[in-house]
Amino acid sequence: MKNYISEVIVKLSSDEISFRRERLYVNKLNIILVQILKHEWPARWRSFIPDLVAAAKTSETICENCMAILKLLSEEVFDFSRGEMTQQKIKELKQSLNSEFQLIHELCIYVLSASQRAELIRATLGTLHAFLSWIPMGYIFESPLLETLLKFFPMAAYRNLTLQCLTEVAALTFGEYYDLQFVKMYIIFMVQLQSILPPTTNFLEAYAKGSSEEQAFIQNLALFFTSFYKPHIRVLESSQENINALLQGLEYLINISYVDDTEVFKVCLDYWNSLVLELFEAHHNLDNPAASANMMGLQMPMIPGVGDGVGSQLMHRRQLYAGPMSKLRSLMICRMAKPEEVLIVEDENGNIVRETMKDNDVLVQYKIMRETLIYLAHLDHEDTERQMLKKLSKQLNGDDWTWNNLNTLCWAIGSISGSMVEEQENRFLVMVIRDLLNLCEITKGKDNKAVIASNIMYVVGQYPRFLRAHWKFLKTVVNKLFEFMHESHPGVQDMACDTFLKIVQKCKRKFVTVQVGENEPFVSELLTTLPATIADLEPHQIHSFYESVGNMIQAEPDPHRRDEYLRRLMELPNQKWAEIIGQARQSVDYLKDPDVIRAVLNILQTNTSAANSLGTYFLPQISLIFLDMLNVYRMYSELISTSIAQGGRYASRTSIVKLLRSVKRETLKLIETFLDKAEDQPHIGKQFVPPMMDPVLGDYARNLPDARESEVLSLFATIINKYKRAMIEDVSRIFEAVFQCTLEMITKNFEDYPEHRLKFFSLLQAIATHCFPALIHLSSEQLKLVMDSIIWAFRHTERNIAETGLNLLLAMLKNFQASEFCNQFYRTYFSTIEQEIFAVLTDTFHKPGFKLHVLVLQHLFCLVESVVMSEPLWDVATVPYPYPNNGMFIREYTIKLLSTSFPNMTATEVTQFVNGLFESREDLVSFKNHIRDFLVQSKEFSAQDNKDLYAEEAAAQRERERQRMLSIPGLIAPSEIQDEMVDS
């Protein structure tokens, strides 16, 4: 097969006409050849590279195709091998390529120096580009290769390909051995670049008007500079001549960063972020000379008095970069991305509208820019402040007034919150807020005012520390927000309510304390004027407002005053509720009016919002409406059942039934929110759980499937998670009401009732975790139902459900292992669980569950060899051969299971894998790697995206990064820090 394909390739590529005509066919053959190579080479096709190089020398078209094959091979081995080949095979191929590279190297140099044929030179440069990242460095620096590349750089036809090759070289590192060559390459490159693209070029314009080749050149230029600076910037700091070339290069990169292209900007931003972080960390560690020396890469012996030397070098380095960093601040402010909190945007027609969809790319970019700007602020607070205030004064005097300029400036001001010391922050913000409020007063036009309002709200929402320290400003800002709540421009009211909630959460105590010069706490004043304040708000905005005021009331330490505030807050909804219930007592039909149903829903949603922020302190209010609410729930439930019984399945989609179900759901949500947020006080559980048993649980069991609310399942999961073992007595009642009937709904297929699925398994998990003794007392039929439903869950392709099922399974396995029914349980279920876990582990549809699959298997393999298992796992009656122990039985069972499932694997391979599982069972990391290699070897997982197999390592990296960010002031925004901010 390989000979045939090789012959066809040689035949088609030996003359120009057939090679051009059959190009697509030849490309496909090349791909097949490389796939064969991955199996045959080096062991069974030792002469492959010499054969290829010899063939390449026979004709220029064959040579061009040989370059394409070499490029494909390099990509297969070095770029796409993870998760497709075993670690051993990758290593073997890399070693073969490295040891035979000399022949390829000679061929490339020969072509570049002798050939006049443009296509061949381009193909050779393309192949070199693929090889340069991994070949031994001597081939680059101790041969004419680098000089040859630099000769091609000024030639327009090869400029982009050569620049890509130089970028690969620039990214290489090899200690200090080749530092001089790197510097020489950079200096020659800079001289050539200035003749191609003078430093005075307006890059923004050049890019906008350039051809696609010219645009690619600017993009490649950004990649070259960033690739070179990351490992080699320090080498350029060594002499004045090099420093000049470095500063010139940084100037180029800053100018390229202004180009209006997201991809180019991402490349530049990524580098600016790493450079500024490096400068910041050295500056941050200046107090600790040893750490600083380390940061700077200065290998300094720790001798007394040397600390000053490190300090002066650090200062010198900061001064060296002061100019570029100042320009970089200006760039970051001008190009600041939009933060998530800002809801008001400019559409493509230039109108100011409410944002309808979040752009995730912009949010990621904002996060990196914010981080970069915070490091820049730490490096020089004065320059940061000066630039921001200067740009703001230009907005005020109209010199530079545009929506975009004001937006990016305010987003930048908001993003550096927390990075300044308090005194400087106070001084800075007094000027910023004063100027923005003035700008709002003097600017005419509805759209202009909406943009300014959005920016004021964003900035004040970012600086809770300042607002806590300045009551007058806080009061002015909140009153300004109340003013914006009457503004009809799309998005302004939403943003005002969001900002109000954000500020209250961080400054709540200020509102319940009598401030200097005031007669009563602000919350009391607010409750008096509440009807007027919320008059123009939509229902969802009113709910947000109630949550905000709930946060204030929750901060009141005096119980009598707190209850009084709550009574005043809930006065409007309670009046309406009393009126509805009063009318209903006279005629039940009153509750069937759609407008009344909507009013009931709105009242319940308002209560849920307040309960969300008040927690336990919401008790007086919920006690007031609880029993009436359950009666309404029961009545609406009967109405729904009657409608569905009379109108069939489609009745559940009518607007009236949907509305009635919304009320039921909101009732459940309100109870769940209150019980979840309330402190763990048993009397609250005793007061609220028993009355719900029949109206809620009984109703669920009696209802038709289409009328069952999934929120019942999540409510009882919350109750069990909250009251834990106290609920053991009630588990059998819950089980009877929901188990059988829900399983019938969700096991017909994997699609129907998606909400019920996840919540059902969450309820089961709560029972298994907190009320396990109740599960032990189930009959064997009921326990089988539970186990079948867990297997059903982790077979699910819906990730949340599968993960809940696997976590539930782990909890069950561990609990049974510790119980007296251990042997009995595992004898019944061990082999079934093992078989089912192997099925989902190897079917490629359940990759996200890999970490949990591994944990379950590790648990099983450890258990089988432990003393806990004192009885045989096999059925003594049906298995004539007595195994010496459970380990031997499971070893044989697993080998048989996998051999049947993977007929493409030899018995030796399967046995090796199973033995490896037993050997590595105590060490999770090697156990996991062993399974990863098996998945690749089984061929099931080749040629697929396997990043989910490495998800756990990625999560650990994210947590380390969060801990680092917490140690730097301002890096995590004040609104994202969960602790109760001190606002005494």
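Glu 564 and Arg 567 sit 3 residues apart in helix 30 (residues 559-569), about one turn of the helix. Helices here are DSSP runs of H or I with at least four residues, numbered from the N terminus. The model is a predicted one, in which local features need pLDDT of at least 70 and side-chain atom pairs count only at pLDDT 80 or more, while totals for chains, interfaces and linings use all residues. Residues are numbered from 1 along each chain as its sequence is written, and side-chain values use heavy atoms, leaving out hydrogens and water.

**Salt bridges**

- Glu 564 and Arg 567 form a salt bridge, with their closest N and O atoms 2.6 Å apart; the term means a side-chain nitrogen of Lys or Arg within 4 Å of a carboxyl oxygen of Asp or Glu.
- Glu 564 is partly exposed at 34% relative accessible area, and Arg 567 is partly exposed at 43% (buried is under 20%, exposed over 50%, partly exposed in between, with a 1.4 Å probe and protein chains only).
- Another bridge joins Glu 16 to Arg 20, with 3.1 Å between the closest N and O atoms; these residues are 4 apart in helix 2 (residues 16-21), about one helical turn.
- Asp 699 and Lys 664 meet through their side chains in a salt bridge of 3.3 Å, N to O.
- That pair links distant parts of the chain, 35 residues apart, with Asp 699 in helix 35 (residues 682-702) and Lys 664 in helix 34 (residues 655-677).
- Both partners are buried: Asp 699 has 9% relative accessibility and Lys 664 has 1%.
- A network of salt bridges links Arg 661, Arg 665, Glu 709, Glu 711, Glu 755 and Lys 759.
- The count comes to 44 salt bridges.

**Helix 31 against helix 33**

- Helix 31 (residues 571-586) packs on helix 33 (residues 619-647) at about 35°, with axes 12 Å apart; axes are lines fitted to C-alpha atoms over the stretch in contact, and angles run from 0 to 180 degrees between N-to-C directions.

**Positive phi in loops**

- Most residues other than glycine have a negative phi.
- Lys 724 has a positive phi, near 45°, and lies in the loop between helix 36 (711-723) and helix 37 (728-746).
- Tyr 753 also has a positive phi, near 50°, in the loop between helix 37 and helix 38 (754-770).

How values were computed:
Helices (H or I, at least four residues) and strands (E, at least two) are DSSP runs, numbered from the N terminus.
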